[in-house]
Amino acid sequence: MILATQGLTKVFGGLTAVDGVDLEIKEQEIRALIGPNGSGKTTLLNCISGVYKPDAGSIEFNGEQVAGLAPHALTRKGIGRTFQDIRLFHSLTVLQNVMVALQFRAKAMMAEDVLALPRSRREERHMQEEAYAYLEFVGFTEKWNSPAGGLSYGQRRMVEIARALATGAKLLLLDEPTAGLSGAAIDRLTEGILRIRGGGLTIIVVEHNMRFVLSICDRVTVLDFGEKIVEGTPDECRNNPLIIECFLGGSFGGDTQA
């Protein structure tokens, strides 16, 4: 088990956004978090990634209690994150955006950087090669030297995922990765995520696109009013009357949006 939460709770004023949620995520699993708007999906992701400190409950990652740690500390431990609103440095190239994440593992000292000593130059070349390898891994290298600000939405999404992987992530949290993407871009994203899982990573995805969820996820957790109400395989959820009627208007398939 790579991640487990018990009784995880987050309260904002009088609103309980996440209410006693228990999760168990296996290594190399792709887990979807679904539910209506305001059900607590992104808040739960924010607690796991350190954006919010839980008010109660525990988070265990790789056997270590990590609830309340800062985002940068969790990144160093192996939790990578993307956001619904893509956060790239638009003036930097695609390759440079990925290289930013590699700074977490850079070995050259500041003085060596300033003096451009041989070790620093070797480290720079190594980082360039490693960043390009992450772009290859997600299947997007054709614009590696172009400014990120000139990319399409789908292309920027792939760069963001490559950058999250470059932090050394073992667990990747994806928040609405298909939002704003065309059908063809979603197909490419699906291929990229399956390739990432094949490389040994575990993935939690918050998503509204049910076609995407059913095609890619091993298990689905359904939240409503901050509580976990249903959990199971995609087929079990597809045939669950509560999900069909409450969240999907009588249909669970095709391009349905929850």
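Predicted model: local features only at pLDDT ≥ 70, side-chain atom pairs only at ≥ 80, totals over all residues.
Me: What makes a residue buried, and how many of the 258 residues are buried?
Reply: Buried means under 20% relative accessible area, exposed over 50%, and partly exposed in between (1.4 Å probe, protein chains only). Buried residues make up 49% of the 258 residues in the protein.

Me: What makes a set of points a pocket, and how much space lies in the largest pocket?
Reply: On a 1 Å grid over the protein atoms alone, a pocket is an open set with protein on both sides within 12 Å along at least five of seven lines, whereas in a cavity a 1.4 Å probe fits but cannot get out. Volume is the space filled by probe spheres set on the points, which are joined across faces, edges and corners.

Me: Which residues line the largest pocket nearest its centre?
Reply: A lining residue has an atom within 4 Å of a point. The lining has 19 residues, and Thr-75, Arg-81, Phe-83, Arg-163 and Thr-167 lie nearest the centre.

Me: Why is the largest pocket said to lie between domain 1 and domain 2?
Reply: Domain bounds come from an automatic or database domain assignment. Domain 1 (3-86 + 169-247) and domain 2 (89-150) both give residues to the lining, so the largest pocket lies between them.

Me: Where does the second largest pocket lie?
Reply: The second largest pocket, of about 240 Å³, also takes lining residues from domain 1 and domain 2, so it lies between them. Its lining has 14 residues, among them Gly-139 and Arg-188.

Residues are numbered from 1 along each chain as its sequence is written. Local features need pLDDT of at least 70 and side-chain atom pairs pLDDT 80 or more, totals for chains, interfaces and linings use all residues, and side-chain values use heavy atoms, without hydrogens and water.
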